[in-house]
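Subject: Structure handover

Hello,

Here is the structure you asked to look at.

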Amino acid sequence: MGTQNRRYGIIRNIGEIESLRLSMQSKLDSYKSIEERRKLGQFATPTSLARDIISFGLQHLDFSSDIRFFDPAFGTGAFFSALLHEIKDNKTIEKATAVEIDPLFANAADSFWDNDGVNIINSDFTNIMPDGYYNFIICNPPYVRHHLIASESKSRINNKTKDISGVKLSGLAGLYCHFLLQSIQWMDEDAVAGWLIPSEFMDVNYGEAIKEFLLSKVELFRIHRFNPEDAQFGDALVSSAVVWFKKRKPTNRNVTFSYGGSLLMPHESKDISVDSLRQEQKWTRFPCQPQRSVNKSSSKLKDYFDVKRGIATGSNDFFIIEKSRIFEMGLPFEFFRPVLPSARYVKTTEINSDEQGNPILPQQLFLLDCRLSEDGIKKDYPRLWQYLESGKNNVANGYLCKTRKCWYFQEQREAPIFICTYMGRVTDGRNSAFRFILNNSNATVTNSYLALYPRKNLLEKFDDVPSLKRTVWELLNEMTSESLQNEGRIYGGGLQKIEPKELLNIDVSFLSGLF
Ligand SMILES: C[S@@+](CC[C@H](N)C(=O)[O-])C[C@H]1O[C@@H](n2cnc3c(N)ncnc32)[C@H](O)[C@@H]1O
């Protein structure tokens with residue numbers, strides 16, 4: 001059905017339409033808990049952002065043809081509404097199609113846009129074939145992380161993405177990556193696509209395949225990254241970017257990268273050469289920082305340390321017990337080893353120890369770490385056996401405990417000398433979101449920390465000059481947020497996170513001067 005956009009102005013005022021749509025949106029949102037919304041990535045685009053995106057996209061459309069609009073994750077239609085607002089009088093919407101998986105939203109949107117010629121397909125976008133080709137694809141896809149994609153759908157989605165785009169995505173890629181790549185089959189030659197997606201793909205390993213696709217299969221022309229401090233979607237906790245490309249063989253030598261402010265009025269903007277983009281793994285450096293010099297001789301943390309996540313106990317509430325409680329329950333203390341409280345309760349950067357090697361902290365916690373068989377425990381330690389029995393129905397059946405040889409056996413992890421709190425924010429004059437803790441105790445750590453174990457070369461230096469341990473720790477803490485961020489990632493609201501592999505990759509050339 002052809003749709004004359006002038007009709008909209010006559011029938012209803014677009015400001016009125018948008019405010020009606022927004023009340024429909026908040027009503028539908030209120031029917032669901034945040035967890036339910038997260039499962040389908042149901043976080044709507046704010047009106048002003050949707051209008052900016054549409055306005056920018058329209059400037060790049062070839063205007064010899066009418067608009068064929070497509071939104072693969074429609075919700076209540078923030079982008080279609082913005083299109084009606086932004087479209088100029090001399091332009092026409094020839095066709096508008098949208099997909100929405102949730103019948104609640106699809107039905108409500110269908111009645112709402114009934115007169116306006118939008119064909120709303122109530123289906124899973126990853127499971128349907130195109131009904132035609134479109135020249136204007138705008139989408140805020142569901143930000144559903146890989147582990148929330150149902151396992152029975154995962155391989156089907158992966159295979160389809162590969163068939164359509166030729167890109168084999170890693171299993172760690174979120175649903176939004178598949179949306180972007182699969183949408184290519186709905187695009188006409190020279191069609192313009194604008195994707196509001198998490199900026200994470202620009203830095204992490206699973207994003208490599210997408211970046212390669214954007215550089216070689218289509219013509220990427222602009223990426224705008226919002227300042228993560230002003231999260232676009234507070235409740236979705238992501239830092240967002242808008243990625244723009246045209247479906248055509250790439251001929252451009254540069255791509256415009258912008259940051260902060262708005263898409264139409266960014267705080268910073270720079271043309272980055274495609275060569276630089278091929279060489280630099282962290283695209284979030286652009287446009288504010290230059291490409292890193294390729295310095296193969298610089299030393300990385302992995303030259304000095306092994307990094308492991310702390311222990312995943314299977315149930316901290318059950319396996320980690322306060323010292324006084326262990327005695328109250330009459331449990332044998334020899335089966336407990338000291339463990340640090342989780343990172344948010346440890347405010348210091350150095351853990352001192354008592355004569356037994358236990359950390360001196362207000363909260364004295366111990367991990368139940370017994371390698372005896374159940375029969376042996378039943379015979380010699382009846383109290384401990386009773387305690388384990390109390391966890392038989394729930395704790396023992398948890399995912400982690402069930403996969404162990406014996407459900408209460410803990411991973412054997414030595415007390416690390418250095419510990420990193422791998423998630424945090426830059427606050428209160430601290431120059432980094434992460435802390436490196438010097439652990440002088442025998443306490444091990446749970447997975448709210450990363451444990452750093454010096455490699456042989458470094459251990460030998462520590463043996464020769466024990467004070468070096470302290471110097472290394474001080475230097476690690478002097479690292480600025482920026483140098484850690486080069487490897488780690490940043491989320492909406494300024495939350496920063498660094499994974500073991502990323503920590504191993506940070507440049508610690510400052511350590512080589514010590515030895
Ligand atoms: C981030 S919201 C964006 C909604 C709207 N376009 C906007 O910008 O406000 C993503 C939408 O995609 C829908 N969705 C989630 N999974 C989908 C799928 N597999 N196929 C189609 N729609 C899906 C969700 O129900 C949700 O309405």
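This is a predicted model: local features need pLDDT of at least 70, side-chain atom pairs count only at pLDDT 80 or more; totals for chains, interfaces and linings use all residues.

Residues are numbered from 1 along each chain as its sequence is written, and side-chain values use heavy atoms, with hydrogens and water left out.

Whole chain

The protein chain has 20 helices and 20 strands; these are DSSP runs numbered from the N terminus, with helices being H or I of at least four residues and strands being E of at least two. Its C-alpha atoms fill a box of roughly 85 × 55 × 40 Å along the principal axes. Of the 515 residues, 53% count as buried. Buried means under 20% relative accessible area, exposed means over 50%, and partly exposed is in between, with a 1.4 Å probe and protein chains only.

Ligand site

The ligand is surrounded by 23 residues, where a residue is near if one of its heavy atoms lies within 4 Å. The closest are Thr 45, Ala 73, Glu 100, Asp 124 and Phe 125. By class, this shell has 13 nonpolar, 6 polar and 4 charged residues. Here Ala, Val, Leu, Ile, Met, Phe, Trp, Tyr, Cys and Pro count as nonpolar, Asp, Glu, Lys and Arg as charged, and the others, Gly among them, as polar.

Polar contacts are pairs of N or O atoms within 3.5 Å; within protein, one atom must be able to donate a hydrogen and the other to accept it, and residues adjacent in sequence count only if both atoms are side-chain atoms. A polar side-chain atom of Glu 100 is 2.6 Å from an oxygen atom of the ligand. A ligand nitrogen atom lies 3.1 Å from a polar backbone atom of Phe 74, and a ligand nitrogen atom lies 3.5 Å from an N or O atom in the side chain of Asp 71. The protein covers 97% of the 600 Å² of accessible area that the ligand has on its own; accessible areas come from the Shrake-Rupley method with a 1.4 Å probe, and for residues only the protein chains shown count as cover.

Salt bridges

The count is 23 salt bridges, each being a side-chain nitrogen of Lys or Arg within 4 Å of a carboxyl oxygen of Asp or Glu.

One of them joins Arg 145 and Glu 200, at 3.5 Å from N to O. Arg 145 is in the loop between strand E4 (134-139) and helix H7 (151-165), and Glu 200 is in the loop between strand E5 (187-198) and helix H9 (208-216), so this pair ties together parts that are 55 residues apart in sequence. Arg 145 is partly exposed at 34% relative accessibility, whereas Glu 200 is buried at 12%.

Asp 369 and Arg 337 also form a salt bridge, at 4.0 Å from N to O. Asp 369 is in the loop between strand E14 (365-368) and helix H13 (374-380), and Arg 337 is in strand E12 (residues 336-339), so the pair ties together parts that are 32 residues apart in sequence. Asp 369 is buried, with a relative accessible area of 14%, and Arg 337 is buried with 17%.

In the pair Glu 389 and Lys 392, the closest N and O atoms are 3.4 Å apart. Glu 389 is partly exposed at 32%, and Lys 392 is partly exposed at 29%. Elsewhere, salt bridges that share partners join Arg 68, Glu 94 and Asp 188 into one network.

Nonpolar core

A nonpolar core is a set of buried Ala, Val, Leu, Ile, Met, Phe, Trp, Tyr and Cys residues joined through side-chain atoms within 4.5 Å. The largest has 48 residues, and those with the most contacts inside it include Trp 195, Phe 201 and Trp 283. Elements that each supply at least two residues of this core include E4, E5, H9 and helix H8 (175-182). H8 gives the largest share, 6 residues.

Single residues

Asp 102 lies in the loop between strand E2 (93-100) and helix H6 (103-112). Asp 102 is buried at 7% relative accessibility, and a polar contact of 2.6 Å joins its side chain to that of Lys 32.

Pro 198, in strand E5, is buried at 7% relative accessibility. Pro 198 and Pro 141 are 57 residues apart in sequence and 9.7 Å apart in space, C-alpha to C-alpha.

Regards
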